[in-house]
Amino acid sequence: DRRQQHRREAGAGDGAGHSFAGIGKQDVGAGHRQQQLDVLFRHVGDAENTALERLELELEAILFTMGKSVELRQLCLALEAEEKEVKQALGLLRERYEKHSALQLRQLEDSYQLCTKAAYFDVLVRAAKTPKKQILTEAVLETLSIIAYKQPITKAEIEKIRGVSSEYSVNKLLEYGLVYEAGRLDAPGRPALFATTEEFLRRFGLDSRQSLPCVNPVTEAEIEKEVEEELKDSFGFTVEERHG
């Protein structure tokens, strides 16, 4: 009887061992499935974050390029995204600019615009007042030389000497303040006469127009002849007759 009782107890113990082993295997399986779910959710979250970051950058590109306020509706259409997603990306963009940037994202009713922060207005004003670099191309310099030596002179006379249109060059010289409209020729159409300015003298280190370097006599005679012919053909009089 005692031996049978030991066998029953041993059998019960083995059954309990098998039961605990089964529970352990179930726990391991559930833990593995949870890990797989965590990895899956993490990948989905990463994908969503990447898509949102992409949307944020696309918004930045649009607002920077447009340079003015853009309606939320237009942004949604351009980005092919839902309003909720666009607003979320706008929020991220605003936060980024607030942390460390000279720019800010402003909402103007139902529109959004990139602007400079007020703290930087002073430097912007100074930058706007900085003179633009003036580039004197060969054509512009050639036109300036003709005006300097033949002033006052009309654009038609300049073009006759150069053989090409001088509209662009004359306009650039006017923009740079190197020449000015000195009057009108008393002729049909009243064409403008151009002459050099004081700024021209300062820029080229001259005291007066008489300080201009002497031109080769032969070259000067050729230029004068061409001008005479142009005046005669266009207006019916010569240089002497014009100033006489």
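1. Burial of E56. E56 is buried, with a relative accessible area of 9% (buried means under 20% relative accessible area, exposed over 50%, partly exposed in between, with a 1.4 Å probe and protein chains only). The residue lies in helix α1, residues 2-66; helices (H or I, at least four residues) and strands (E, at least two) are DSSP runs, numbered from the N terminus.

2. Basis of the model. This is a predicted model, in which local features need pLDDT of at least 70 and side-chain atom pairs count only at pLDDT 80 or more, while totals for chains, interfaces and linings use all residues. Residues are numbered from 1 along each chain as its sequence is written, and side-chain values use heavy atoms, leaving out hydrogens and water.

3. Surroundings of E56. Leaving aside residues up to four places away in sequence, E56 touches A89, L92, L93 and R96, contact meaning heavy atoms within 4.5 Å. The side chains of E56 and R96 are also joined by a polar contact of 2.8 Å (a pair of N or O atoms within 3.5 Å; within protein, one must be able to donate a hydrogen and the other to accept it, and residues adjacent in sequence count only if both atoms are side-chain atoms).

4. Cysteines. C76 is buried at 13% relative accessible area, and C115 also counts as buried, at 18%. The whole structure contains 0 disulfides, a disulfide being a pair of cysteine sulfur atoms within 2.5 Å.

5. Residue L124. L124 belongs to helix α4, residues 121-129. Its relative accessible area is 42%, so L124 is partly exposed.
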